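Hi there,

Here is the structure I promised to pass along. Have a look at it first, and then read on for what turned up.

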Protein chains: 2
Amino acid sequence: MASNILCRKIGYAFNHPKLLRQALTHRSHSLPHNERLEFLGDSILNCAVAGLIFRRFPDVTEGDLSRIRANLVNQQALAELAQTLELGGLIRFGEGELKSGGDRRPSILADTLEAVLGAIYLDGGFPEAERVVVSLFTPLLQGLDPQILSKDPKTLLQEYLQSRRLALPQYIVVAATGEAHQQQFQVECVVPKPSLRTAGTGASRRSAEQEAARQAYEQLQTQN
Amino acid sequence: MASNILCRKIGYAFNHPKLLRQALTHRSHSLPHNERLEFLGDSILNCAVAGLIFRRFPDVTEGDLSRIRANLVNQQALAELAQTLELGGLIRFGEGELKSGGDRRPSILADTLEAVLGAIYLDGGFPEAERVVVSLFTPLLQGLDPQILSKDPKTLLQEYLQSRRLALPQYIVVAATGEAHQQQFQVECVVPKPSLRTAGTGASRRSAEQEAARQAYEQLQTQN
């Protein structure tokens with residue numbers, strides 16, 4: 001069976017193959033499909049990667065850990081992993097979805113990989129799911145751009161847009177509330193193309209800008 | 001020791017009390033403080049609650065599971081749990097932070113509870129941390145408003161604002177791209193007060209609006 005090859009690749013054999021079958025069933029095919037498992041798998045993935053990088057980078061700050069994780073866990077990275085595992089050919093689709101190329105769509109590949117992780121968690125417990133995540137993501141740690149460790153979100157956003165020859169963002173203070181010693185700023189980050197607006201709040205204008213930039217940067221990364 | 005009382009309340013005894021001590025150290029006090037543990041604890045919490053509600057609500061959709069979790073895991077809920085555990089009095093602060101009431105600030109209480117969960121994960125493994133999360137959150141499941149299961153984000157956002165006598169949001173289509181059979185809509189949700197703008201994309205205007213509303217609703221819930 002083709003899914004046995006998958007199990008060999010990820011190094012996990014299911015006690016209940018029905019769970020794997022569900023994880024590989026797109027909602028266009030039939031019930032039970034994989035959307036609930038994807039919800040579960042998404043948080044297992046984030047949690048396992050958090051543990052992995054927490055241990056691997058004992059000296060980096062919380063902010064850098066978040067950045068590293070966002071860099072590792074995003075649709076593009078997951079879709080590439082799914083392609084390596086040749087997941088697309090194992091997914092059960094409805095006819096229309098298959099005809100329109102669902103088995104190559106990055107969002108579907110990424111979601112299905114998450115669903116498989118959710119299924120492993122239910123089948124074998126968190127430590128087993130974590131083990132699979134660690135084996136999938138450890139090779140990606142080597143390819144990690146060490147620069148992301150030192151760059152703030154505004155810089156990252158600017159470089160992202162510049163590298164694509166897109167217009168730079170504008171930052172607009174939309175509100176400043178509270179008394180002098182305890183002010184709260186709300187700043188909008190407006191990206192002209194792809195059109196995007198995010199809001200950030202903070203105790204200084206700068207920190208509110210950074211927060212808005214972080215959200216914009218993360219949205220741009222997820223959209224791809 | 002006061003922290004022994006905490007351990008009894010949460011039903012977990014640390015093998016390495018140093019980890020608990022770090023979890024209870026605010027960054028204003030000294031290094032090592034609890035911010036890295038908080039990063040870890042946040043994802044453990046989300047993951048454990050995902051597992052809890054996945055099992056507890058076998059028939060609800062992925063979207064409803066997300067809504068239920070957002071309702072359970074937010075700053076206010078975490079701060080209340082932290083208060084029940086009398087966490088505030090156990091946190092080590094710098095002098096300034098303590099004087100300005102840090103031990104009662106909801107964001108600090110919520111973050112510290114997350115850090116404690118991160119410490120349990122490192123000390124005893126995921127299953128132990130999960131057990132503590134389940135024991136803390138199971139009582140909250142009873143208080144869950146069953147209505148949130150059937151309400152879409154636009155409705156939830158509208159009701160949230162109405163209940164606070166605030167102006168209703170506007171939805172603005174800012175972009176519609178792609179050909180007729182595969183259009184992508186980008187919609188902004190503009191909340192006048194507290195001033196907030198979020199963006200959502202979707203294959204229909206309605207789904208883009210729902211996504212923008214969902215983000216606005218979640219931001220409003222986190223702000224409190």
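In which helix of chain A is A:Asp111 found? A:Asp111 sits in helix 7 of chain A, residues 106-124. (Helices are DSSP runs of H or I with at least four residues, strands are runs of E with at least two, and both are numbered from the N terminus.)

Before the rest, a word on the ground rules. This is a predicted model, in which local features need pLDDT of at least 70 and side-chain atom pairs count only at pLDDT 80 or more, while totals for chains, interfaces and linings use all residues. Residues are numbered from 1 along each chain as its sequence is written, chains are lettered from A and ligands numbered from 1 in the order in which they are written, and side-chain values use heavy atoms, with hydrogens and water left out.

**The chain itself**

Chain A has 10 helices and three strands. Along the sequence they run α-α-α-α-α-α-α-α-α-β-β-β-α. The C-alpha trace of chain A spans about 65 × 40 × 30 Å along its principal axes. UniProt, in an unreviewed entry, lists residues 3-125 of chain A as "domain: RNase III". That stretch of chain A is 67% helix and 0% strand, and its end C-alpha atoms are 20 Å apart.

**The annotated sites**

The unreviewed UniProt entry gives A:Glu38, A:Asp111 and A:Glu114 the annotation "binding site". These residues span 77 residues in sequence, yet no two of their C-alpha atoms are more than 6.0 Å apart, so they gather at one spot. The annotation "active site", also from the unreviewed entry, covers A:Asp42 and A:Glu114. This pair is spread over 73 residues of sequence but clusters in space, with a largest C-alpha distance of 5.4 Å. A:Asp42 lies in helix 3 of chain A, residues 35-56. Please bear in mind that UniProt positions are given here in the numbering used for this model, that feature names are shortened, and that annotations may be inferred rather than shown by experiment.

**How the two chains meet**

Counting heavy atoms within 4.5 Å as contact, 39 residues of chain B touch 39 residues of chain A. Chain B and chain A bury about 3,300 Å² between them, 55% of it on carbon and sulfur atoms. (Buried area is the accessible area, with a 1.4 Å probe, that two parts lose on being put together, summed over both.) In chain B, the residues that lose the most area to chain A are B:Arg36, B:Phe39 and B:Phe54, together 25% of what that side buries.

The interface holds two salt bridges, each a side-chain nitrogen of Lys or Arg within 4 Å of a carboxyl oxygen of Asp or Glu. One of them, if you want to find a bridge on screen, joins B:Arg197 to A:Glu188, with the closest N and O atoms 3.0 Å apart.

Several elements of chain B give two or more residues to the side that touches chain A, among them helix 4 (62-72), strand 2 (184-191) and helix 10 (205-223). Helix 3 of chain B brings the largest share, 15 residues.

What relates the two copies? A rotation of 180° with 0.0 Å of shift along its axis superposes chain B on chain A, with an RMSD of 0.0 Å. The copies are thus related as by a two-fold rotation axis.

**Backbone details to look at**

Most residues other than glycine have a negative phi, and most peptide bonds are trans. A cis peptide bond joins B:Leu31 and B:Pro32, with omega about -10°. B:Pro32 is in the loop between helix 2 (17-23) and helix 3 of chain B. The bond from B:Lys193 to B:Pro194 is also cis, with omega near -5°, and B:Pro194 is in the loop between strand 2 and strand 3 of chain B. A:Glu86 has a positive phi, near 50°, and is found in the loop between helix 5 (75-84) and helix 6 (95-99) of chain A.

Key
Copies are superposed by least squares on the C-alpha atoms of residues with pLDDT of at least 70 in both.
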